[in-house]
Amino acid sequence: MKQLSIARLREMARRLELDVDARELARLRPMVQDVLEVGQRLRRDYAPPIDRPARRSG
Amino acid sequence: MTPAEGLHLLTVAEAGRRFRDGSLAPADYVAAFIERIKRLDPFLRSVITLAAPTDMEVGRWGGPLHWIPIGIKDSIATAGMRTTANSRVLADWVPAEDAPSVTALRAAGAVVLAKLNLNEFAWGIPSEDDLFPPPRNPWSPEHRAMGSSSGSAVAVACGLCAAALGTDAGGSVRQPAANCGVVGLKPTHALVDSSGALGAPTICEVGPITRTVEDAALLLEALTGSTYAEDLRRPMRRTRIGVPRRHIDAAHSDPQIEAAFTDALQVLRGLGIEIVDVEIEGLGDAAEADFLVLNAEAFAAHEQTLRARPSDYGLSSRLYHTQGAFLSAADYMAALVAGDVVRKRVDVVFSTIDFLATPVVPVLTADAARSAKAQPHTGGAAIFTAPFNLTGHPAISIPGGMSTEGIPIGLQLIGRARGEADLLWMAQQYEQATTWHQMHPSDVENASSHSIGG
């Protein structure tokens with residue numbers, strides 16, 4: 001995953017209407033980078049099935 | 001020696017026996033804890049609120065916990081008693097009702113003695129400017145105790161209450177218990193009614209922190225209405241314990257923790273237990289997924305308050321609660337699927353073994369667990385504990401060693417879902433074969449009379 005820049009994080013926070021200042025952005029950046037990487041890995045390896053599991057009839 | 005001296009060292013089970021044979025007056029017992037809190041806790045910082053005498057009344061009939069003074073993590077609601085979660089957000093919140101776990105303990109006769117310190121909302125890294133600064137580890141007072149149920153573990157270890165309740169969404173009962181040399185149990189998901197306790201509902205369980213395994217069984221009986229203590233007396237039987245070796249090795253634990261774990265396995269072998277290596281693919285994924293669920297659910301619960309009153313959160317807690325905003329629904333769903341997948345893998349392994357064993361935490365101190373390198377926000381320091389929050393299996397931390405610096409080390413045993421009776425039995429077999437649980441942080445009495453900076 002590409003390194004998350006402060007500018008990109010600021011834009012993401014703006015879209016989410018989060019009120020975070022420069023100091024908070026600097027501390028959040030590696031944390032958000034980590035959780036996004038975890039999410040990406042889990043989505044790749046543990047994606048929910050498209051179809052619902054078949055239910056036994058009767 | 002005063003008559004009260006030593007009363008704090010009685011286990012819950014011993015105190016109950018002495019109440020029944022008339023050799024100990026309940027009021028004297030409770031008074032001994034109050035005296036210790038007033039004398040020692042200004043230094044230890046484990047207590048947020050000491051109950052008023054009117055809050056300590058118990059009913060006429062004594063249940064199995066009759067007059068046993070219990071501490072409650074301050075994120076668990078207590079009727080008429082301030083419940084702050086160590087946050088300025090709830091600094092003045094006085095719940096109208098007890099959480100069901102507290103109701104259950106009171107119904108068994110327990111006295112709610114004190115509300116206990118924690119990481120703010122059980123999620124974040126404590127600091128000195130928190131509403132209530134973090135508890136010191138009584139074994140090594142220059143270190144803070146691990147969290148998030150730090151106050152619960154410190155208070156039990158130091159004899160400020162006979163037992164305590166904590167909450168555990170990734171290791172927050174087991175890690176502080178290990179770090180303070182006491183027992184911490186995370187029950188099977190939803191075995192204990194954990195409503196009324198602030199925490200991520202999918203993964204957070206209320207659990208007891210006690211001095212012995214027998215005491216954990218007694219509290220679990222009160223919390224669930226089932227019997228556990230009687231099962232502890234079953235004789236040894238053929239038992240096989242699985243060690244997820246690859247997962248443990250990948251954590252690169254502190255060498256002293258690795259050595260203590262090796263010694264613990266040797267003790268178990270000495271009991272005639274077969275130890276086998278097992279492979280459970282995805283335990284590391286489950287630890288990370290557990291924290292992703294925690295992040296998402298923490299933000300969901302706090303979003304409105306974070307937006308309205310951001311400055312009422314400490315900086316660390318504010319950031320920890322905010323990071324979940326950046327996750328997607330697909331992230332959250334994948335994390336839940338990871339839990340289902342790994343739960344099934346663990347259950348398959350449990351068809352060939354009776355218990356799993358791991359260390360509790362790969363580092364010795366709270367500072368190491370909370371360092372950026374440990375990536376606490378994604379579960380790095382909870383690599384051994386968090387998987388079983390997401391899979392829902394019960395897990396217990398019992399004293400299992402001591403570092404050269406004098407900081408306790410824990411052993412974690414994991415059981416089958418709803419297998420608490422067997423798990424507690426196994427834990428007590430180990431406990432009785434060792435002396436770790438008999439050690440007490442005696443230096444705290446001296447340390448509390450000296451000032452320690454930071």
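Predicted model: local features only at pLDDT ≥ 70, side-chain atom pairs only at ≥ 80, totals over all residues.

Colleague: Which residue just after α6(B) takes a positive phi?

Modeller: The buried residues of α6(B) include B:L219, B:A222 and B:L223. Just after this helix the backbone takes a positive phi of about 80 degrees, and the residue concerned is B:G225.

Colleague: Are α6(B) and α14(B) roughly parallel or roughly antiparallel to each other?

Modeller: The axes of α6(B) and α14(B), the latter covering residues 420-432, come within 9 Å and cross at roughly 160 degrees. Angles over 145 degrees count as roughly antiparallel. The two helices, α6(B) and α14(B), are therefore roughly antiparallel.

Colleague: How many residues of the contact of α6(B) with α14(B) are charged?

Modeller: On the α6(B) side the contact is made by B:V213, B:E214, B:A216, B:A217 and B:L220, and on the α14(B) side by B:E420, B:L424, B:A427, B:Q428 and B:E431. By class, the residues of this contact divide into six nonpolar, one polar and, for the charged class, three.

Colleague: Turning to the strands, which strand pairs with β11(B) over seven bridges?

Modeller: Strand β11(B), residues 408-414, has seven of its seven residues buried, so it is largely enclosed by the rest of the structure. Strand β9(B), residues 355-359, runs antiparallel to β11(B) and is joined to it by four bridges, with B:L356 partnered by B:I414. The pairing over seven bridges is also antiparallel, with B:Q412 as the partner of B:S397, and the strand is β10(B).

Colleague: Which helix supplies the largest share of the side of chain B that touches chain A?

Modeller: The contact takes 24 residues from chain B and 20 residues from chain A. On the chain B side, α9, α10 and α11 each supply at least two residues. The largest share, eight residues, comes from α11(B).

Key: Residues numbered from 1 in each chain as written. Chains lettered and ligands numbered in written order. Contact = placed C-beta atoms within 7 Å. Buried ≥ 20, exposed ≤ 12 C-beta atoms within 10 Å, placed from the backbone. Pairing = 2+ DSSP bridges. Axes fitted to C-alpha atoms, helices over the stretch in contact; angles between N-to-C directions. Parallel < 35°, antiparallel > 145°, perpendicular 65-115°, else oblique. Nonpolar A, V, L, I, M, F, W, Y, C, P; charged D, E, K, R; others polar.
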